[in-house]
Amino acid sequence: MELFLQQTFSGLAFGGVYACMALAVVMIYQATDHLNFAQGEMAMFSTYIAYTLITWGVPYWWTFLLAMAISFVGGVLIERVIVRPVEGTSVLNEVIVFIGLLAIFNSVAGWIWEYTIKPFPSPFPKEPLFGNKFVGTHDLGVIGVTLVVLFAVFLFFRFTPVGLAMRAAAQDPASARLVGIRVGWMLALGWGLAAAIGAVAGMLVAPIVFLEPNMMGSILLYGFAGALLGGITNPAGAVFGGFAVGVLETLVGAYVPFIGSELKLSFALVLIVAVLVFRPSGLFGFVVVKRV
Amino acid sequence: MALLEVSKLEAFYGQTQVLRGLDFSLEEGGITTILGANGAGKTTTLRALCGMVRTRGEVAFGGAKIAGGATESIVRHGIAHVPEGRGTFVRLSTEENLRLGAYTRRDPQAVGEDLERVFQYFPRLKERRHQQAGTLSGGEQQMLAVGRALMMGPRLMLLDEPSFGLAPNLTEELFDILGAINKERKVSMLVVEQNASLALAIADHAYLLETGRIVISGTAKEIEQDETVRKAYLGY
Ligand SMILES: Nc1ncnc2c1ncn2[C@@H]1O[C@H](COP(=O)(O)OP(=O)(O)OP(=O)(O)O)[C@@H](O)[C@H]1O
Ligand SMILES: [Mg+2]
């Protein structure tokens with residue numbers, strides 16, 4: 001029982017990180033119909049920016065907010081400058097741009113900060129809260145922070161006019177233009193938000209997996225798995241899927257002997273394939289019929 | 001001066017030219033209708049005014065040159081387009097659809113009043129305000145499209161077959177409401193309609209479009225008497 005609880009909490013912490021990545025991916029997918037393969041490397045780059053701020057002596061939580069803000073601006077710029085020119089040209093062009101972004105962020109990070117593994121601080125104390133045996137304080141903090149961020153995103157989309165306009169622009173750009181919504185800027189805003197949410201994921205997971213240019217590769221894969229499981233067309237579903245994948249992955253790693261920690265990643269792939277085969281719209285997805 | 005002044009308007013889908021130089025104008029406060037057979041270019045005309053297709057030529061609205069602008073900039077001058085196919089945001093609620101109409105307005109009080117007014121015109125929408133708009137019936141979505149346009153507080157409404165998919169009694173009701181909006185809210189209208197007799201009854205001016213050209217124009221009364229129009233569109 002103790003092991004089960006420990007693993008579940010640890011899984012929820014990873015799940016929070018996957019949920020953030022899943023949400024970031026879904027936000028861009030809804031607006032563009034594409035998976036942003038560079039989402040993980042963007043988050044990694046944000047984490048390096050946070051790392052630099054910390055080495056300059058900026059306090060942790062200021063760093064946290066600053067890194068989110070910088071990532072937001074960076075995301076907006078990427079959309080305006082790099083993605084926009086190829087938008088709607090062809091699927092291949094767009095995918096190539098995403099993959100190009102991935103490669104560029106990875107090598108630029110390696111070039112600036114080197115490929116050596118760096119420790120990244122956690123804002124939470126090392127001692128377990130109230131001396132409990134089940135959950136580390138960092139894990140608890142990760143769960144808490146991701147829930148706060150995800151809830152804030154929910155409130156933004158649900159209750160603000162700009163959030164509503166972003167949903168409208170993603171659903172039906174032509175109609176959105178007819179009511180005066182600047183669809184291009186809504187897309188850019190979506191990229192900015194996705195980048196900021198990814199930054200949160202990167203900063204929270206870095207103390208666990210350590211900081212290096214490839215740190216987000218597998219995490220993005222789990223994020224994809226979570227998004228697909230919950231439903232790539234449903235942000236709330238994707239968030240749920242992220243948490244579910246985190247818990248499943250940890251429990252499977254702990255209890256299924258032949259999988260262990262080495263084969264855990266293939267679990268994500270198996271899950272992705274299984275979802276695509278048996279329920280392509282995910283658990284909570286909308287079935288979208290494309291009229292041709 | 002006319003509210004809308006169109007000269008030599010041409011429109012293209014890719015290389016295909018669909019409008020071949022339209023000249024017409026709209027008086028402030030009036031209702032004008034464009035008649036024409038399927039494929040004549042009625043929808044394209046409304047799209048061209050809103051910058052939804054590639055155009056050439058001049059369009060002046062309230063004295064401002066709007067041709068060639070982006071759709072989202074053009075509509076901000078006060079043009080509300082009820083598009084062919086309704087353009088419902090299917091996964092948003094009825095009320096969210098309506099609120100989006102007021103997206104560019106910064107006067108919450110007037111917006112709130114307009115929302116109430118839309119609910120008065122279309123009580124059905126009020127009953128279904130929290131329902132996902134995609135699950136509304138076709139007729140209800142048509143009301144929603146008109147309501148959303150009203151929420152923009154427009155000077156001009158472009159209506160593309162507002163009666164499409166409506167039962168005859170609902171069509172009449174809708175046209176009564178459009179007439180009321182025109183009088184009470186001082187909203188000018190450009191209506192494209194399959195149902196020519198209905199359109200001519202409500203309109204004061206009419207144009208007949210044939211393969212991208214205006215072939216007949218005049219007051220609604222004159223057009224109603226016109227031999228060609230009667231044979232082809234009114235059926236008597
Ligand atoms: N997206 C498009 N691409 C290419 N051609 C188009 C497109 N939309 C319309 N057309 C062509 O332009 C012409 C005018 O179309 P339009 O939709 O304006 O006709 P309409 O008068 O509204 O007809 P209807 O009464 O059937 O709605 C038609 O010949 C049509 O085939
Ligand atoms: Mg048409």
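How far is an oxygen atom of ligand 1 from an N or O atom in the side chain of Lys42(B)? I looked this up first, keeping in mind that the model is predicted, and found a distance of 2.7 Å.

**Around the ligand**

I then went through other contacts and noted that an oxygen atom of ligand 1 is 2.9 Å from a polar backbone atom of Gly41(B), and that an oxygen atom of the ligand is 2.9 Å from an N or O atom in the side chain of Gln194(B). Taken alone, ligand 1 exposes 640 Å², of which the protein buries 60%. I counted 13 residues around the ligand, and those that come nearest are Asn38(B), Gly39(B), Lys42(B), Thr43(B) and Thr44(B). By type, the shell holds four nonpolar, six polar and three charged residues, and helix H1 (residues 42-49) of chain B gives the most to it, with three residues.

**The sheet**

Next I traced the open sheet of chain B, in which six strands follow the order E6-E7-E8-E3-E9-E10 with mixed pairing. Strands E6 (79-82) and E10 (213-219) of chain B each have a single partner strand, so one side of each is left without a neighbour in the sheet. I read an average twist of 15° from one strand to the next.

Key: Residues numbered from 1 in each chain as written. Chains lettered and ligands numbered in written order. Predicted model: local features only at pLDDT ≥ 70, side-chain atom pairs only at ≥ 80, totals over all residues. Heavy atoms only, no water. Pairing = 2+ DSSP bridges. Helix = DSSP H or I, 4+ residues; strand = E, 2+ residues; numbered from the N terminus. Axes fitted to C-alpha atoms, helices over the stretch in contact; angles between N-to-C directions. Near = heavy atom within 4 Å. Polar contact = N/O pair within 3.5 Å; in protein donor to acceptor, adjacent residues only side chain to side chain. Areas by Shrake-Rupley, 256 points an atom, 1.4 Å probe, with all protein chains shown as cover. Nonpolar A, V, L, I, M, F, W, Y, C, P; charged D, E, K, R; others polar.
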